[in-house]
Structure formats: C-alpha cells, structure tokens
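Hi everyone, thanks for coming. I'd like to walk you through a structure that may be new to you, so please have a look at it while I talk.

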Amino acid sequence: MAPHYQATTLIASPSYPNAITWSSENLVAVASGHIVTILNPAALDGPRGLVVLVPSNPFPIGAVNREDLFEPCLVPTCLSRDTEPCARSVSWSQQGFAPNSGCLLAVCSGDGRVNLYRPPIFEFGDNWVKVADISQLLFNYYQIINFREDDGPISFPQEAANNEQAPQEKLNSEHGQDTGYAGELQEPLSCKVLGRRKRKPTRVESYVYDEDEDGVGASKDADFSPNPCSRLSKGFMKKVTTNSSAPVSSISLSAPAQPQDEVNLAIGRVSGSLETWKLDLCNNKIENSSACHAHDRVDNSARCWILEKNQLEEVPVYTNFPELKESTDLSVVSDRCFGLTLAPGELIIAVVRSLDPNMLDPMYQARTQKAVVEFIWIGGQFLGIALHKNIHISSQQSVMLSETNFLWWGSNILWSLKKYEKGETGLVLWDVIATLQVLKKSSPIFLETLLHNWVSDLFSDDQQRVSLDILYQSRNDMMSKVSSRKLHLLNIICRKVMLSDNAQYSPGGENSTSVSTDLWNNLLVSSERELRERLVAFTFAAVLNRLSYFQKGTCAENMWFPVGVAQMYSWLSMNNGKVHNQLKSLCSTIKGLQSRIASVCEYSVEESCTYCSASVHFESPDVALCGSGDPVTSPAERHKLSRCMASMRLSSVLQPVWYCVCCEGMVDKLVPGTFFTMTTSPLQVNHDDELLYSAPVVPLCPFCGILLQRLMPEFLLSVSPV
C-alpha cells in the first residue's frame, strides 16, 4: 500500500463505490455492508460510531395480490428479492442540523431507502439514532396526492413534518434511473419542544437547542421537525438528461466561492465518461460545461481532474512528505478501491479499500479485517494553486524532498489557511494542524519560515506588507485592526503547533526556551487580550443598545441578553492601564448607569461557591477560589472553580456547559454569531446596529473560534476540529 499518514481496518467490506465521506465537523463515515462506521480521524484507535441497517418491508407499489398471481395477463415468472440490508451511499449534512450543532448522516440502502441519523448525544451508546425515514415521508406524501403530478409548490404534510425531515434534492439520471445517492441536506432542523418550556430557548446557529431546566434526560427522539413554513419549489428541481444511456455511478456537488449563484455538478458513469454541469441558481438553468472519457474499464486506479475554466484537466496523483523520504504514485492501487474523500482543509484524502483475504492471516486477521481506510497526504503536489516563490528552502531540507515539493506543500498550506480567514467557513483545521505538527518534527526550519510568512500576510494589507519585527514591536496596536477570525486562526496555530510542546505559555518566563518561542508566546497573549477586550466591548455595547430600546419604548425581546457585566467591569478595573481608551470611555458610560443597569442585563457582583456557599471574589477571568477574601479559610479548604470564558461568571456545575478542545476553556453563556464575523474591533463600529445583538447565538469558542462541545464520556465518539 501507499505510504500514508495513518490507517485503520473495518470489520466489513464495502459493496458499492463512493462508500466514504468526510463531514464538515471532521468525522468520516464508511458504508460497508449492513454497517456504517463513523470514525474520528484524530483518534482512529478510539471510540467509533455505528449505524446498523435492518431489513425493511418494500413499499406497496405495484404489488400483486396473491389471488391474482395466476391470472393469464401476468407473466408466469417469480421474482426474488434480496432482503439483506446493505448501505449503498452515505452523505453528511452541514453543521447545525444535529444536536450540539453537529451534522446529520444520510444513508441510502441498496433498496433505495434513505434514512437520517444523528449522534447518540443523549443515549450514551455507539449506535447512532434514526430521526427520519425520508423514503417513508415521500411515500406518504404521494399517497396523499394519489401519486399524481402536481405543478404547484411541494411541501410535506404537517403530520409528517412533526416527526421527520426530508432532504432538499435527490438527483436522477436520464430515463428516470435512480442514481441511488442521497443529496446534501440544505434546510436546517429545528428543535420541537415536548411539554412545557420553562424558558426561552437559545438559538444555536441554524437550529434551536432546547435548554429546558429538566436537563438533557428528556425525550429526544421526537425533538426534530422541519420548519412548517419551508417550501420547496418544484421549479428549482432540475433533471439532468444527456444522450448517454450508461448508468450513473457517482455524482458530486460543489459550490464555488465566486460566483455565489452557481453550483457545479460532476457526474461519473460506469462507461468511463466524466461530465460537469453548471447550475445557474439565479436564472434556474443548467448546462453541460465539459466532458471527457476518464477510463476504459473499472480498475484499481485513482485519478484526479481539475476543473479549470470549464475544462477538465487530468493531473497526476501522488503522495509525499519529508518523513516518508519518497514520493509514491497513487494512480495504481494494490487493492480494490471503493471511494475517496477530501479532508476539510484539503491536504489529506481518505481512501477505503477492500483487503485480499489471501494476503491475511486466516486465524487472526481474515475474520475481523475486511477493509482498510487510509489517510494519505496530497499537499505536496499541484492542486490548482499558484506557487509561493518567497518561501526559502534550505539545502538541508532539499535533501529530504525536492524544492518544488516543499514549495507545493507551503503553497497549499498557505492557501488552506487563507480560505479560513473568511468568517463564513467553519474552523475545522485538523488536517492542516496535523500537517504542521509533522513538519515541526521533520522540517522545523521550513515550518518556521512558512509560518513567519503566514503571520506577516495575516496582518498585511494591499498597501503595505508588515514585517515580523514591526509586528512584534507594534503587535498590540495592529491586533485591533484585523478581523476576529484572523485572531482565532493565530491562537489555534500558536496553541496547537508552535507552542504545543509547552505545558503553559508565559512570555519571557521559564517556559520560553528560545527567541522563537517567546515570539509566539507574546503573539498569543496579545491576541487573547485583544479578543477579551472585544468581548467586553461587545457586551457593554449590547447593554447600552438594550437601554436605548427601553428608553424608546421599543421591545428588545429578540436581542441578546448580556450577563457577567459586573465581572467584566471588575476585570476592566484591574487592567485599566492596559486597555484601549475607547473601552475606558465605554466603561465610564456603564458605570454612570448605576441602578438602571439591572433592568437591561444581568448584573450581580456577589458570587458564591456551589460546593460550600462561601463567597467568591473576582481575581481572574479564568479561574476562582472560594473564600479567597476570608483569612480564616485555609487554602486547602478552598474550592477551585472555573469561569465562563464568554461572560467571566462562575461556570455552572449542575447544568451542562460547553467545552473547547483547543484552549480547554469552559463556556456557559454563548455569544451572538456576529461577534465572530466582525472585520474589526467592536470599539470601531456603530453600537446602535440592531443586527449585531439580535443575531442567533452560536456554540463557538470566543478565543479559538472553533465549534464548542459538550463534555462527554471517553467511551463515546467525539469530534476534533483541530
């Protein structure tokens, strides 16, 4: 097999092509027989998720009554049906469809039935939970309309909508031939509350998370329902037809960043043809953009094409990395391949292959190892990205790999990081971080040069390029001029790559073993301080905005309710000489509100320990010790408590809180999504903008920008965005 980053085996072999897919939250699903295995690429030896398919009865379409079997008009032929379930294709939704803002998994079985599954968040098991039978929904709908054509808008009946969700599209090939691949989910799921809701739910990204006081033990299987107001216009659904009669073997949809009103569709057929189609969403048109003959027969090969200016161009596929000491061509593989999928950062691909039983030990391997999933490097080759010529390659490095290979690696890594600078893309950087961590061990000089270039570009603009020396000297002033997303990226790279060997960062302290380490320490501290000031400014501005609405007699029910204002005021008083002048002015305004502040936000100076009811004084925005102001209480009797990173309040120990896998901080109060997409500091924007504070809250870390998680037992599958 080809050199790979890592690999794992499966207990069943896939039966159909395109049996593997990578989710936007960094989970890999593999369809193998009657089992779908869900893997975390960052912990292949850890827990796995499972979807076990069970036999289902066929729909009563075209069924013949037993007493009519011997009618002369029927052909005297008995047809048999394979009743063994088998997964044919799998597809992930976008983030926000499942609980905890996760992804739903759509599974299409061999008989064409499509089901949706969610992670077992509340069941504490390995088996994923089915939340909708899309095929049954569609059948029920056609039964209601008596299987007639309907030229009007299509909407599922309310009775079915109360239980399940249907995907927006399922593509069909010519002659009504079912491709058998589930389309990507487009409409979000909402949480339908069962019984009485004790408080208004918090809006989390594109679904509503139920924050009932009853906890997470309530009934959850019926929590999901589509928006009853959502309608799918039949005019938007297009049928792709060509002159070819060859069956479709695979399809793929992609939406380019520019223009945003176009979608590309790739169709592969068993005859070896590969077609691309362009969907114009504005004009509701579809046209064939290119076509080529990919291969003459189905063989053990992996080939790659790039769509460039509406033309398909084949490029070689190979893997290389400094630690591999070689470059391996992937155009011919040793085992039967059942599909490949691309990582979110596009530096690694996952390939699933069946294993030859003759090559395995019949006693120990052949029984449990039917297939293998390999994660292979692809960042060291041409991927359609222009080379960065300003990356210096030393002679020592060029011995391990050619200078061109290093330039491809550097260019592709910089391109991957660049695409995450826009707030619309979720921060799932696992493959990028994994690549940088390996480079840190094998080529530290190259990594240092590469990330120095990246940091300079991060703070540069079209008019001027910022050098590393200028950035280091003026970092506090320059931090306030960049977007929050760039600061989140900087924090992730500092923590997970450049300072990953340091247990605790301390600029100029004992952990600073070199000038380079001290540089990244200082960048991290400055970036986190800037984000903390932005969070305080955002909260204070929300308080003033709510107050202005109340003074006008306008309802502010849909606006974000700030909490922890007293703790933020205490932190600002402790750091008054180190914050921006605009924030000092905003703090003075908050202080002038006096008793009026309690009517527009949560303002409570007094805090007490959950364990012993002792008073807790504010000393740090991260942690707290109870009884710290009481000289009678000994240090051994004081409880160490964590504070919410977003509000600086004491985190709850009775209710579930959010957890960041990058900085390991806790979040009890979520922040509106507009905070994470701001292109500059809140101190430099109009605080009267209602959209800033009426946006839904999102489960993102205010200091890392990645998706937060609920603390789960170690035996359950978890996600690793970094």
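Let me start with a question: how many of the residues of β4 are buried? Before I answer, please keep in mind that this is a predicted model. The answer is five of five, so strand β4 is mostly covered. You can see this on either side of the strand. I35, T37 and L39 lie on one side, V36 and I38 lie on the other, and all of them are buried, which leaves both faces of β4 covered.

Now let's look at what surrounds that strand. β4 belongs to an open sheet of four strands, and the order is β2-β3-β4-β5, with antiparallel pairing. At the edges we find β2, residues 20-22, and β5, residues 49-52, and each of these pairs on one side only. If you ignore direction, neighbouring strands in this sheet are turned by 15 degrees against each other on average.

Let's go along the pairings of β4. On one side is β3, residues 28-32, which runs antiparallel to β4, residues 35-39, and is joined to it by five bridges. V30, in turn, stands opposite T37. β3 and β4 make a hairpin with two residues between them, and in that turn G33 has a positive phi of about 65 degrees. The other pairing of β4 is with β5, again antiparallel, this time over four bridges. There, I35 has V52 of β5 as its bridge partner.

Which strands does it pair with? One of them is β14, residues 248-254, which pairs with β15 in the antiparallel sense over six bridges. In that pairing, S254 stands opposite N264. Another is β16, residues 273-280, which is antiparallel to β15 over seven bridges. An example from that pairing is I267, whose bridge partner in β16 is E275. β15 and β16 form a hairpin with three residues between them, and G272 in the turn has a positive phi of about 105 degrees.

So far the positive phi values I've shown you belong to glycines, G33 and G272. In general, most residues other than glycine have a negative phi. With that in mind, have a look at E346, which is not a glycine and yet has a positive phi of about 65 degrees. You'll find E346 in the loop between β22, residues 337-342, and β23, residues 348-354.

S613 sits in the loop between β25, residues 607-608, and β26, residues 615-616. Its relative accessibility is 60%, so S613 counts as exposed.

Now for some helices. Two packed helices are described by the angle between their axes and the distance between the axes. Let's take α4, residues 403-419, and α5, residues 430-442: they pack at about 140 degrees, and their axes are 11 Å apart. Their crossing is left-handed. Who meets whom? W409, I413, S416 and L417 in α4 meet V432, T435, L436 and L439 in α5. By class, that contact has six nonpolar residues, two polar ones and no charged ones.

Then there are α6, residues 444-458, and α9, residues 484-498, which pack at an angle of about 165 degrees with their axes 11 Å apart. Angles over 145 degrees count as roughly antiparallel, and α6 and α9 are therefore roughly antiparallel to each other. α6 passes α9 in a left-handed crossing. On the α6 side, L447, E448, L451, W454, V455 and L458 make the contact, and they meet K486, L489, L490, I493, V497 and M498 in α9. By class, this contact has ten nonpolar residues, two charged ones and no polar ones.

One last stop: an open sheet of three strands in the order β30-β29-β33, with antiparallel pairing. β30, residues 666-667, and β33, residues 709-710, are at the edges with a single partner strand each, so one side of each has no neighbour in the sheet. β29, residues 658-659, pairs with β33 over two bridges, and W658 stands opposite R710.

How values were computed. Residues numbered from 1 in each chain as written. Predicted model: local features only at pLDDT ≥ 70, side-chain atom pairs only at ≥ 80, totals over all residues. Heavy atoms only, no water. Axes fitted to C-alpha atoms, helices over the stretch in contact; angles between N-to-C directions. Parallel < 35°, antiparallel > 145°, perpendicular 65-115°, else oblique. Left-handed = near helix turned anticlockwise from the far one by under 90°. Contact = heavy atoms within 4.5 Å. Nonpolar A, V, L, I, M, F, W, Y, C, P; charged D, E, K, R; others polar. Pairing = 2+ DSSP bridges. Buried < 20%, exposed > 50% of the residue type's maximum accessible area, 1.4 Å probe, protein only.
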